Amino acid sequence: MNPAPAALSRAVPLLRCPLCGDRLGSTDTGVECGGGHSFDRARGGHLTLLGSRGRRFPGDSAEQLAARERVLSHGLFDGVADALVGVATDAVGVAERPVVLDAGAGTGFYLDRVIGALRPPSPAGGDATDGPGEPLGIGTELSVAAARRLARVNPLVAALVVDTWDGLPLVDECVDLVQVVFAPRNPSEFARVLRKGGTLVVAVPGPGHLEPLRTQAGMLAPAADKAERLDTHLAAGFEPGPVRVVDVTATVPAAIAADLALMGPSGVHLDRAGVEQVVGTVDSPVRVHVEVRSFRRSLQE
């Protein structure tokens with residue numbers, strides 16, 4: 001068994017057993033709690049910490065993830081990444097060794113950008129992963145295929161296979177910032193793991209997101225009241241903060257348009273041949289309309 005990645009070793013003191021809630025400690029092959037529950041580290045460096053119900057859903061497939069990586073590499077969502085970086089730098093500021101949790105991190109594209117922005121300059125120009133002030137990113141994902149990629153995205157990022165709806169295997173109040181980008185939300189767990197005064201940032205699609213492709217390809221449409229429902233769900237433990245809106249229209253190649261339709265939840269219901277027939281072979285405009293909404297963890301008990 002290869003040694004644990006440095007970021008995962010740093011994350012272990014913040015982990016708790018998903019079966020009994022006891023703190024986890026490092027072993028030669030993974031982690032173990034005082035109750036005897038053990039979890040082996042995968043060869044790729046990620047750690048699976050699923051609760052008693054195990055894996056109920058497979059998460060995104062390798063094909064969906066490959067499509068997403070092609071889209072993200074094209075730069076279409078760079079504005080969303082920039083907005084998340086802005087929230088993170090405003091929220092964390094000059095905090096010493098901040099901890100950022102990305103729940104439903106996918107391949108780690110957004111978490112990598114945020115951790116890179118929070119990393120202090122190295123006076124020696126080195127790439128140490130445990131130096132003074134170094135941030136720690138913790139990315140959780142249900143998809144094993146995503147977790148493999150997540151484990152390689154940044155040496156300051158620890159990758160965990162977790163079901164957000166079943167709870168987070170983290171101790172109370174250990175995280176400075178939680179970000180959720182187009183992923184499932186568990187408000188009570190986010191409030192529990194965030195330090196008082198910490199920040200939750202949630203990126204949700206706006207009403208015009210991915211049009212006209214969304215309508216043409218028969219993709220799932222976001223709920224009209226999605227933002228309002230988000231505020232309501234978070235009212236108990238969070239105070240609403242600023243909203244950053246990313247709203248740009250870009251012309252993309254037909255292949256990227258097809259990837260856009262297939263990389264998310266709609267990809268389960270669509271087939272590539274049908275999507276490619278709809279998008280054709282010429283470049284087409286696509287609107288990226290995303291609301292990056294931030295919330296502050298209440299200072300009250």
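Predicted model: local features only at pLDDT ≥ 70, side-chain atom pairs only at ≥ 80, totals over all residues.
Local features are reported at pLDDT of at least 70 and side-chain atom pairs only at pLDDT 80 or more, while totals for chains, interfaces and linings use all residues. Residues are numbered from 1 along each chain as its sequence is written, and side-chain values use heavy atoms, with hydrogens and water left out.

Two packed helices are described by the angle between their axes and the distance between the axes. Here the axes of helix α3 (residues 78-92) and helix α4 (residues 109-118) come within 9 Å and cross at roughly 40°. Helices (H or I, at least four residues) and strands (E, at least two) are DSSP runs, numbered from the N terminus; the axes are lines fitted to C-alpha atoms, for helices over the stretch in contact, and angles run from 0 to 180 degrees between N-to-C directions. The pair α3 and α4 is therefore oblique, the class left after roughly parallel (under 35 degrees), roughly antiparallel (over 145) and roughly perpendicular (65 to 115).

Contact between the two helices (heavy atoms within 4.5 Å) involves residues including Leu84, Val85 and Ala88 in α3, and Phe109, Val114 and Leu118 in α4. By class, this contact has 11 nonpolar, one polar and three charged residues. Nonpolar covers Ala, Val, Leu, Ile, Met, Phe, Trp, Tyr, Cys and Pro, charged covers Asp, Glu, Lys and Arg, and the others, Gly among them, are polar.

Asp78 of α3 and Arg113 of α4 are both in the contact list, and their side chains meet in a salt bridge (3.1 Å, N to O). A salt bridge is a side-chain nitrogen of Lys or Arg within 4 Å of a carboxyl oxygen of Asp or Glu; by this rule the count comes to 17. Asp78 is partly exposed at 26% relative accessibility, as is Arg113 at 31%. The cut-offs are under 20% relative accessible area for buried, over 50% for exposed and in between for partly exposed (1.4 Å probe, protein chains only).

Arg272 and Asp259 form another salt bridge, at 2.6 Å from N to O. The pair links helix α10 (residues 272-279), which holds Arg272, to helix α9 (residues 254-262), which holds Asp259. Arg272 is partly exposed at 31%, whereas Asp259 is buried at 2%. Salt bridges with shared partners join Arg70, Asp259, Arg272 and Glu276 into one network.

Pro212 sits in the loop between β9 (194-205) and α7 (213-217). Its C-alpha is 7.7 Å from that of Pro285, 73 residues away in sequence.
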